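Thanks, everyone. Please have the sequence and the structure open while I talk.

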Amino acid sequence: MNESMVIPNFVHQLLTTTTEDAAQLTNKLCQLISHPVLITDSYYQILSSSYPAGCSALTEILAIQPVDLIENSIAFSCQMTTTVSDEYGLACPITQGNTMLGYLFILPSKKEKPQIYASILEFSASLASIQLHRKLEKRQEKMKFKEPFLFDLLYGNLKQLEDIYEYGSVWNWDFHLPQTVLVFSLTDFNHVLTDKQMINHLLYIVERTLIEGNIKPITLKRKSQVIVIFPMEEDQQKQHRAVIEDFSTTIINQIQSLHPGQPLSCGIGKTYKNPVELFRSFQEAKVALELGELMEITIPFFSDLGLERILYKHDLQDLKEYYQATLGELQLYDETNSAQLMETLEGLAANQFDMTATSKALFLHRNTLRYRLKKIEEILNLKLDDLNNKLNITAALKIKQLRKI
């Protein structure tokens, strides 16, 4: 290797690579410098790699730790944490104007001086910026038509099956298959730059995970949410729920791993064969998401929510009156006497009104529990072993849990 790399020696060969394909650039540069080359997005997700397909080496970058700037260059040396090992690398930002598009990485030997790669890094990054910018422009152009179509579909504005099939075929989406709507939401979202980057990262993770599962992504980004229309393939009918649950868990785990301080909620609607009815699945997914947050359910399916979803939609004043009539006296007693009888009743209901299970769950002696339950019966003037009373108490506690009072 020469002590310096003169750019003109590489210009012609690099310029012969197509400006439409980042893979050609990484492979050509790898041939010229005899070191692995990577192009990533701004989140270090690999877009193109000179490693052979199927190679286990460096398939995912988990973190980048910059070490030193290369003298008289915007490139820098760094430590790369990957799924396989820690690697030494040289990186150069790929930018277009003030927009960060990604990074170009080469992985030379630590023995080599990083300065000899500075010029070739910067020149190659400028070529990569053309490719990534054109790719971004194409995606944005396509999104102009995609978003209005999905918006109309999810809000029930499309009534003709043939129109949905025809529009879907533009992006190779098969709406002949049954579909389920999922909603992922970043909680405590506010519209600052960091959160906007976060929602874009969430969208990327969702789409990448779908592609890895051989599913054509049907996604829509709306403020703090990413909406997914998940198809049910013919061979997935029996395990469709499990597939969706695994997918949702994967997304939540990845966000928690990459951004530990950022909570992520999700909600899952019912599956519909007729795409005209997908707006129902979308509304159901939003209800499941909100109820999941209130009830602390990690993967809430709308179909699993019975009494909760009925109460959630009910008139607020009516719910307050119902709660007050059912448990108001007990709440007043607790507040007046600094007692915890409501907590005892909640424990009883949570354990299906089973004395033994409740005693163990609340760490109470059976006689102590029996005394408290007798006191509750006196205050509420009812019998806790009566089925109708159990139903009323359960409903009232659900209202409390849903924060409707």
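His259 sits in the loop that links helix H6 (240–258) to strand S10 (264–272). Helices here are DSSP runs of H or I with at least four residues, strands are runs of E with at least two, and both are numbered from the N terminus. This is a predicted model, in which local features need pLDDT of at least 70, side-chain atom pairs count only at pLDDT 80 or more, and totals for chains, interfaces and linings use all residues. Residues are numbered from 1 along each chain as its sequence is written, and side-chain values use heavy atoms, with hydrogens and water left out.

Back to His259. Leaving aside residues up to four places away in sequence, His259 touches Met198 and His201, where contact means heavy atoms within 4.5 Å. Met198 is 61 residues from His259 in sequence, and their C-alpha atoms are 8.9 Å apart.

Now the helices. Axes are lines fitted to C-alpha atoms, for helices over the stretch in contact, and angles run from 0 to 180 degrees between N-to-C directions.

Take helix H11 (residues 355–362) and H12: their axes come within 10 Å and cross at roughly 105°. The two are therefore roughly perpendicular, a label for angles of 65 to 115 degrees. H11 contributes Met355, Thr356, Thr358 and Ser359 to the contact, and H12 contributes Arg366, Leu369, Arg370 and Leu373. By class, that is 3 nonpolar, 3 polar and 2 charged residues. Nonpolar covers Ala, Val, Leu, Ile, Met, Phe, Trp, Tyr, Cys and Pro; charged covers Asp, Glu, Lys and Arg; the others, Gly among them, are polar.

H12 (residues 366–380) also packs against H10, at an angle of about 105° with the axes 10 Å apart. So H10 is roughly perpendicular to H12. On the H10 side the contact uses Leu341, Thr344, Leu345 and Leu348, while residues on the H12 side include Leu369, Leu373, Ile376 and Ile379. The class count is 8 nonpolar, 1 polar and 2 charged.

How do H10 and H13 cross? Their axes come within 11 Å, at roughly 110°, so this pair is roughly perpendicular too. Met342, Leu345, Glu346 and Ala349 of H10 meet Ile393, Leu397 and Lys400 of H13. This contact has 5 nonpolar, no polar and 2 charged residues.

Last, the second largest pocket, with about 270 Å³ of space. Helix H10 (341–350) and helix H13 (387–401) are the elements giving two or more residues to its lining. H13 supplies the largest share, 5 residues. A pocket is an open set of points on a 1 Å grid over the protein atoms alone, where a 1.4 Å probe fits, with protein on both sides within 12 Å along at least five of seven lines; lining residues have an atom within 4 Å of a point. Among the lining residues are Glu346, Phe353, Thr394 and Lys398. The lining divides into 4 nonpolar, 4 polar and 3 charged residues.

How values were computed
Grid points are joined across faces, edges and corners, and a volume is the space filled by probe spheres set on the points. Angles under 35 degrees count as roughly parallel, over 145 as roughly antiparallel, 65 to 115 as roughly perpendicular and the rest as oblique.
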